[in-house]
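Trainee: I would like to learn how to read salt bridges in a model. Please show me a case.

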Amino acid sequence: MNSFLKPLARGLVLCALTAAAMVAQAQELKIGYVNLDRVLRDAGPAKAAQSKLESEFSRREKDLSDVATRLKSASDKFEKDAPTLSESERSRRQRDLVEQDREFQRKRREFQEDLNQRKNEELAGVLDRANRVVKQIFDSEKYDLIVQEAVFAGPRVDITDKVIKALNGSGK
C-alpha cells in the first residue's frame, strides 16, 4: 500500500471504530418523551380540574353573558330611538350606555383575571402530580433521559400513555 494511503486508511478505520462505539453507546441510552399537552387534556386529574373550574365559574360567566345581552339590547334601542330623542335625553342615555359598558368591561376583566388565576392554580397541581409520576417512571424503569418537549419523537420513546394511565390510577 502506498505510504500516503496508510495513514488515511488508519484514520478511516479509527473513525469507523469510533462511530461504531458511539452507536453502541447511544443504543444503551433509554430515552422517553412525554406529550404534556395530551396529559393536560386526557388525564383524569386534568379533566377533573377543568370540570371544577367550569362549575366554579359558570354562574359568573352566565351573568356576564346576560349583562352583555341586556347592554346590546339597550344599545340597539338607543340607536333606534336616537333620531326622535331630544338632545339632552340622547346625551343622558348615551352616557348611561357608556357607563354600563365600562362597568361590564371591568367585570369581564375581573372574571378573566380570576379565571386565569384559578386555572394556573389547578394546572400547577396537575403538573406537580404529572411530574411526580414521570419521576417514578424514570426511576423504576431506569431511564437516562425523559423530555417533555421535542420537535419529533417516535412512538418507541413516547411514554405519554404510561403517564396518563398512572395519573388516572393514582386517585390522589
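Trainee: Is Arg38 buried, partly exposed or exposed?

Mentor: Start with the general idea. Buried means under 20% relative accessible area, exposed means over 50%, and partly exposed lies in between (1.4 Å probe, protein chains only). Arg38 has a relative accessible area of 22%, so Arg38 is partly exposed. Keep in mind that this is a predicted model: local features need pLDDT of at least 70, side-chain atom pairs count only at pLDDT 80 or more, and totals for chains, interfaces and linings use all residues. Residues are numbered from 1 along each chain as its sequence is written, and side-chain values use heavy atoms, with hydrogens and water left out.

Trainee: Which residue forms a salt bridge with Arg38?

Mentor: First the term. A salt bridge is a side-chain nitrogen of Lys or Arg within 4 Å of a carboxyl oxygen of Asp or Glu. Here the partner of Arg38 is Asp161, with the closest N and O atoms 2.3 Å apart. This pair links distant parts of the chain. Arg38 sits in helix α2 (residues 36-42) and Asp161 in helix α5 (residues 160-170), 123 residues apart. Asp161 counts as exposed, at 51% relative accessibility.

Trainee: What counts as a helix?

Mentor: Helices are DSSP runs (H or I, at least four residues), numbered from the N terminus.

Trainee: Where do Arg92 and Glu89 lie?

Mentor: Both are in helix α4 (residues 87-140), three residues apart, about one turn of the helix. Here is the general idea. An α-helix has 3.6 residues a turn, so residues three or four places apart point the same way. The side chains of Arg92 and Glu89 meet in a salt bridge, 2.7 Å from N to O. Arg92 is partly exposed at 36%, and Glu89 is partly exposed at 25%.

Trainee: How far apart are the closest N and O atoms of Asp128 and Arg132?

Mentor: They are 2.6 Å apart, in a salt bridge. Asp128 and Arg132 are four residues apart in helix α4, so about one helical turn separates them. Asp128 is partly exposed, with a relative accessible area of 41%. Arg132 is partly exposed too, at 43%. Elsewhere, salt bridges that share partners join Lys52, Glu56, Arg118, Glu121 and Glu122 into one network.

Trainee: How many salt bridges does the structure hold?

Mentor: The structure holds 22.

Trainee: What span should α4 have?

Mentor: The expected span of a helix is 1.5 Å times one less than its number of residues. The 54 residues of α4 should span 80 Å. The end C-alpha atoms of α4 are 78 Å apart, which agrees.

Technical notes:
Helices (H or I, at least four residues) and strands (E, at least two) are DSSP runs, numbered from the N terminus.
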